[in-house]
Each structure stands twice: as C-alpha cells, then as structure tokens.
Amino acid sequence: QLQLVESGGGLVQPGGSLRLSCAASGRTLDYYAIGWFRQAPGKEREGVSCISSSADSTNYADSVKGRFTISRDNAKNTVYLQMNSLKPEDTAVYYCAAGPVGGKYYLPDLKTPQLFGSWGQGTQVTVSS
C-alpha cells in the first residue's frame, strides 16, 4: 500500500523559501501523478500543484504560479515543492496525495481532490515576520 509522508515545513519570513518533500513507501511512485494541496484554518482545501508520473506535465494554482516549482525524483521515490517568495497567505498545512494511475502526461484535476488518495499527514508552513 502506498504511503506518503510530507516534511520540510516550518516558520519562514515573508519573501523566504522552503522546500517540501513528499516521500513514498510501500510502492513505487513511478506510475502516479502527485498533487500538493494546502488547507489554512477556516478555509477549504486548495490544490496547489500537480506533476505527472513522467514529470513532463505540471500545473499550478494561479496563486502560486511563478513562485512555486514542483519536481520529482522517481529514483528516490520523492516529490518536491520548492516555494519561493513566500507570503503570509501561503500559511497552511501542506499535504501531498497520489492521483489515480494514468498515462505519463496525465494530470488529475486539482479542483477535484477526491480523485487523489494515500494522503500524507501534512506539514505546517507558517509565513510570518
């Protein structure tokens, strides 16, 4: 069974950077698109970014385009989210999850989180001065 564990969160000042990791165990990530989501207190869960199994396709929420970069290292069974130019509104618990098995360019719709499974426990990101 695929299990995902997020790490890399923390407290950072506005304008700073963090890199989140999503490490998999139990199964290889090779065939899964992986999505990053976040949820701030009192707000709905929001899709942030997704990467296809081959890494040839990616997408981002408008709120993070140009600041966040998703990548993956299938040899390490890990997906990353590099977050630059962080803003206070990026404060949230960040989760990774696996999309359904699809083609190497397949990107599940981030606005449909029910497509995703094997959710990790989340990592807290706090952007504050």
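Modeller: Happy to! A word on terms: two strands pair if DSSP finds at least two bridges between them, and strands (E, at least two residues) are DSSP runs numbered from the N terminus. This is a predicted model, where local features need pLDDT of at least 70 and side-chain atom pairs count only at pLDDT 80 or more, while totals for chains, interfaces and linings use all residues. Residues are numbered from 1 along each chain as its sequence is written, and side-chain values use heavy atoms, with hydrogens and water left out.

Biologist: Thanks! Which residue is the bridge partner of Gly 10 in β10?

Modeller: Strand β2, residues 10-12, runs parallel to β10, and 3 bridges join them. Within β10, Gly 10 has as its bridge partner Val 125.

Biologist: And which residue of β10 does Tyr 94 stand opposite?

Modeller: Here the partner strand is β9, residues 92-101, which pairs with β10 in the antiparallel sense over 3 bridges. In β10, the residue opposite Tyr 94 is Thr 123.

Biologist: Is Tyr 106 buried, partly exposed or exposed?

Modeller: Tyr 106 is in the loop between β9 and β10. Its contacts (heavy atoms within 4.5 Å), leaving aside neighbours within four places in sequence, are with Ala 33, Ser 52 and Pro 100. Ala 33 is 73 residues away in sequence, yet 6.9 Å away in space, C-alpha to C-alpha. Because its relative accessibility is 30%, Tyr 106 counts as partly exposed.

Biologist: Which cysteines form a disulfide?

Modeller: A disulfide is a pair of cysteine sulfur atoms within 2.5 Å, and a search of the whole structure finds 1. The link is between strand β3, residues 18-25, and strand β9, with its two cysteines 74 residues apart. The sulfur atoms lie 2.1 Å apart, and the pair is Cys 22 and Cys 96.

Biologist: What is the relative accessible area of Cys 50?

Modeller: Cys 50 is in no disulfide, and the nearest cysteine sulfur, that of Cys 22, is 11 Å away. Cys 50 is buried, and its relative accessible area is 0%.

Key. Helices (H or I, at least four residues) and strands (E, at least two) are DSSP runs, numbered from the N terminus. Buried means under 20% relative accessible area, exposed over 50%, partly exposed in between (1.4 Å probe, protein chains only).
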